[in-house]
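This briefing covers side-chain contacts, grouped by topic. Please look over the structure first.

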Amino acid sequence: MVLQPTHLKKGIIFLFKGEVYESLDYEQKAFGRQQANVIVKARHLRTGKVQAYTFKGDEKLQPVEIIKQSVQFLYRDSSFFYFMNQTSFEEHKLAIDIVAQQSQFLKEGQFVILILQDNKPLKLELPKNVALKVIQADTVVKGNTANNVSKEVCLETGLRVKVPNFIECEDIISIDTLTGAYRERQKDCLQEDAPR
């Protein structure tokens, strides 16, 4: 199978000049009767570098065969994030530059999808929403709720988000991993975490 630049929707992984890239965005530009050009914003999956590339509309690109694997996030150090396949107990690591903004949604013990090519990890795929604990939240002054419909809190991963005033320290809240926005308070999680 061959990919054309117009196939490079967001999230498509492809081979270009022997390197593996992930398409982040693309734009098609036509100039009169000339052939359309496709401008693709892509991330190099080994270095994390993001760059725009211009392709001719009929240019041929190679798809990349990938495997998706459920893994558990173990820990991080100053250079890498470490993950383990719970079936084979094989460990994988991803450079901090590759994980980048996704790190603000990762906590130890959490399960995510690791995308591999030739058994080498390329990138993470997070769930649509993650449940994280609030570790710092300002107290709302009674009678001052009319003007302050939201406040900023700090979560266990260091992520700071705007939440409704009723959210307190130790609450577990659901966060959208695409936008980083608050979704809801997780009542079920609170009950599960409560001592028995």
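Both Phe 16 and Phe 55 are buried (under 20% relative accessible area; exposed is over 50% and partly exposed in between, with a 1.4 Å probe and protein chains only). The model is predicted: local features need pLDDT of at least 70, side-chain atom pairs count only at pLDDT 80 or more, and totals for chains, interfaces and linings use all residues. Residues are numbered from 1 along each chain as its sequence is written, and side-chain values use heavy atoms, with hydrogens and water left out.

**Aromatic rings**
- Phe 16 and Phe 55 make an edge-to-face pair, 5.0 Å centre to centre with 80 degrees between the planes.
- The ring centres of Tyr 75 and Tyr 82 are 4.5 Å apart and their planes are at 15 degrees, so this pair is stacked.
- Tyr 75 is partly exposed at 37% relative accessible area, whereas Tyr 82 is buried at 13%.
- One aromatic cluster is formed by Phe 14, Phe 16, Tyr 21, Tyr 53 and Phe 55.

**Salt bridges**
- A search of the whole structure gives 9 salt bridges (a side-chain nitrogen of Lys or Arg within 4 Å of a carboxyl oxygen of Asp or Glu).
- Glu 22 and Lys 123 are joined by a salt bridge of 2.4 Å, N to O.
- Glu 22 and Lys 123 are both buried.
- Another salt bridge links Lys 107 and Glu 156, with the closest N and O atoms 3.7 Å apart.

Note on methods
Rings of Phe, Tyr and Trp (its six-membered ring) pair if their centres lie within 6.5 Å; planes under 30 degrees apart count as stacked, over 60 as edge-to-face and the rest as tilted.
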